[in-house]
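Let's take a friendly walk through a protein model, looking at its charged pairs and one of its pockets. Have the structure open as you read.

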Amino acid sequence: MNIHEYQAKELLKAEGVPVLYGRPIMSPDEAGRIAYHEFVMKGISTVVLKCQIHAGGRGKGFVVDAESREKVMRYGKPVRGVTVIGDGNIADKAFNYALSTFGNVLVTVQTGEQGKTVNRMFIEQGCDIAKEYYLSILLDRQTGKNLIMVSTEGGMDIEAVAEHSPEKILKQYIDPTIGFRQYQARSLAFGLSLQGKAFKSFCSFIEKIVAAYDKLDCSLLEVNPLVLTKQDEFIALDAKINFDDNSLFRHPNYAQLRDLAEEDPLEVEASKYDLNYIKLDGNVGCMVNGAGLAMATMDIIQLAGGSPANFLDVGGGANVDRIANAFRIMMSDRNVKAVLINIFGGIVRCDRVANGILQALKQVEVNAPVIVRLEGTNAAEAQEILRNSGLKFLVAGSLEDAAAKVTEALAG
């Protein structure tokens, strides 16, 4: 589960992590009003407006008109996803910038050319930056430990740093049996060449951010940039949080942080039925049981000349309701030209899955060729049920056979 920057900062602030004062804004009028009453009247002479979308690269991204797809220009320059406003008339400038941005599309390296519509923004006080750093904490699944990464190359894509200057990324693993230790904080501070007040501020910051990561049940917490101010204090200038979905039951308040406008409508619909669904850009719908089988199925579709339209895992049950909902969601994607059902009958018998498919198709209209490959317990019986159903299934006996039938269906 992803959340916006301003939401992440509110959570971090509650855990004692230093952040700048800021307010979310939902309209141009609100931008001007808050800029005046909450910043100008408090003596703040510089503010930063940030578009709030679930994608990185906002500072380098461009706002484009939602209809014409042309770059939005203001004061002779293209409007960026993040802008600094100062030199007087802050409220008017904030209003005009928001007016140019709300309802339009922000295109970044992570959104692709289609971009994402801007429905929320964040206004934050300016900051005297002495140096920018990078910091993140995430679960390293290979070691089963949380990993802290820091770098002097703040504000840059960490992937580029890892590729071109991997020696500039410092790492510390957190042993789950003893937790994060002070010597690790000092080691990272030394690695960043910090001294004096900045050294102490970093050690305090890193301990607070690690505690917040644990308490909030994050799977990723990234601060890029983490800035050192001219007063030698560390502040989270940006914040990205991903929650561990398996821990959401412990945090019922997280539900209100979800922004459905930032998620694909079909993925939102699938989540209502506990279906693991991710929309892709291809033309073959995939229905499987198990994430590993899903990956193999998508590979075989690609090798057969098709392209997966989705990742859809119906889970171990594969009952009538789940199959029916899966069909309905796949058929809502106009790009789907064929459907491949690839189920392994281990926990659930293949003949039951076959009968479930027949019952589900009585509830949902499927207007694309359906290729079915059932393997495992009672697979032969399942194939007979499908062949005798009177419906035009393409029944496959193996994964290779399924791939060939996908090619056949797409060609027809």
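Start with Arg 328, which counts as partly exposed because its relative accessibility is 31%. Keep in mind that this is a predicted model. Arg 328 forms a salt bridge with Glu 269, and their closest N and O atoms are 3.3 Å apart. The pair links distant parts of the chain, since Arg 328 sits in helix α9 and Glu 269 in helix α7, 59 residues apart.

How many salt bridges are there in total? The count comes to 21. Here are three of them:

| Pair | Closest N and O atoms |
|---|---|
| Glu 15 and Lys 215 | 3.5 Å |
| Glu 233 and Lys 197 | 3.5 Å |
| Arg 328 and Glu 269 | 3.3 Å |

Now for the second largest pocket, which holds about 310 Å³ of space. Its lining has 13 residues, with Arg 74, Tyr 75, Thr 83, Val 84 and Tyr 97 nearest the centre. Six of the lining residues are nonpolar, two polar and five charged. Which element supplies the largest share of this lining? That is β6, with three residues.

Terms used: Residues are numbered from 1 along each chain as its sequence is written. This is a predicted model: local features need pLDDT of at least 70, side-chain atom pairs count only at pLDDT 80 or more; totals for chains, interfaces and linings use all residues. Side-chain values use heavy atoms; hydrogens and water are left out. On a 1 Å grid over the protein atoms alone, a cavity is a set of points where a 1.4 Å probe fits but cannot get out, and a pocket is an open set with protein on both sides within 12 Å along at least five of seven lines; lining residues have an atom within 4 Å of a point. Grid points are joined across faces, edges and corners, and a volume is the space filled by probe spheres set on the points. Helices (H or I, at least four residues) and strands (E, at least two) are DSSP runs, numbered from the N terminus. Ala, Val, Leu, Ile, Met, Phe, Trp, Tyr, Cys and Pro count as nonpolar, Asp, Glu, Lys and Arg as charged, and the others, Gly among them, as polar. A salt bridge is a side-chain nitrogen of Lys or Arg within 4 Å of a carboxyl oxygen of Asp or Glu. Buried means under 20% relative accessible area, exposed over 50%, partly exposed in between (1.4 Å probe, protein chains only).
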